[in-house]
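Thanks, everyone. I have one chain to show today, and I will keep it short. Please look at the screen.

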Amino acid sequence: VLKLFKLLHRTRQEVFKNDTRALEAARQKINEEFRNNQGETSEEKINELLKIASDVEVILRTSVIQAVHTDSDKI
């Protein structure tokens with residue numbers, strides 16, 4: 001669980017590099033989701049949550065793009 005938690009935070013830092021609002025929002029969401037499920041004891045439910053977190057990490061890494069504003073009429 002801790003390994004996946006750290007991986008999500010590393011991915012967040014890579015994907016949202018130089019975007020402080022997105023970095024903070026993602027940090028809060030990751031921490032909130034892990035905190036909300038901290039007391040889970042069902043092995044089946046834990047495995048399901050870990051699968052969801054792993055899928056989210058893959059989506060962040062492969063599907064999120066960051067646009068950079070370079071000029072007044074260009075991105």
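Predicted model: local features only at pLDDT ≥ 70, side-chain atom pairs only at ≥ 80, totals over all residues.

The chain holds three helices and zero strands. Reading from the N terminus, the order of elements is α-α-α. On overall dimensions, the C-alpha trace spans about 55 × 20 × 15 Å along its principal axes.

Now the first pair. Helix α1 covers residues 2-15 and helix α2 covers residues 20-36. How do they pack? The angle is about 165°, and the axes lie 10 Å apart. Angles over 145 degrees count as roughly antiparallel, so α1 and α2 are roughly antiparallel to each other. The crossing of α1 past α2 is right-handed. On the α1 side, the contact uses F5, L8, H9, R12 and Q13. From α2 come L23, A26, R27, I30, N31 and F34. Sorted by class, that contact contains six nonpolar, three polar and two charged residues.

The second pair is α1 with helix α3, which runs over residues 43-63. Here the packing angle is about 20°, again with the axes 10 Å apart. The cut-off for roughly parallel is under 35 degrees, and α1 and α3 are therefore roughly parallel to each other. In this case α1 passes α3 in a left-handed crossing. What does each helix bring to the contact? L4, L7, L8, T11 and V15 come from α1, while α3 supplies L50, A53, S54, V56, E57, L60 and R61. The class count for α1 with α3 is eight nonpolar, two polar and two charged residues.

Last, the annotation. An unreviewed UniProt entry carries "domain: Complex 1 LYR protein" over residues 1-54. Within residues 1-54 the chain is 80% helix and 0% strand.

Key:
Residues numbered from 1 in each chain as written. Heavy atoms only, no water. UniProt positions renumbered as here; feature names shortened; annotations may be inferred. Helix = DSSP H or I, 4+ residues; strand = E, 2+ residues; numbered from the N terminus. Axes fitted to C-alpha atoms, helices over the stretch in contact; angles between N-to-C directions. Parallel < 35°, antiparallel > 145°, perpendicular 65-115°, else oblique. Left-handed = near helix turned anticlockwise from the far one by under 90°. Contact = heavy atoms within 4.5 Å. Nonpolar A, V, L, I, M, F, W, Y, C, P; charged D, E, K, R; others polar.
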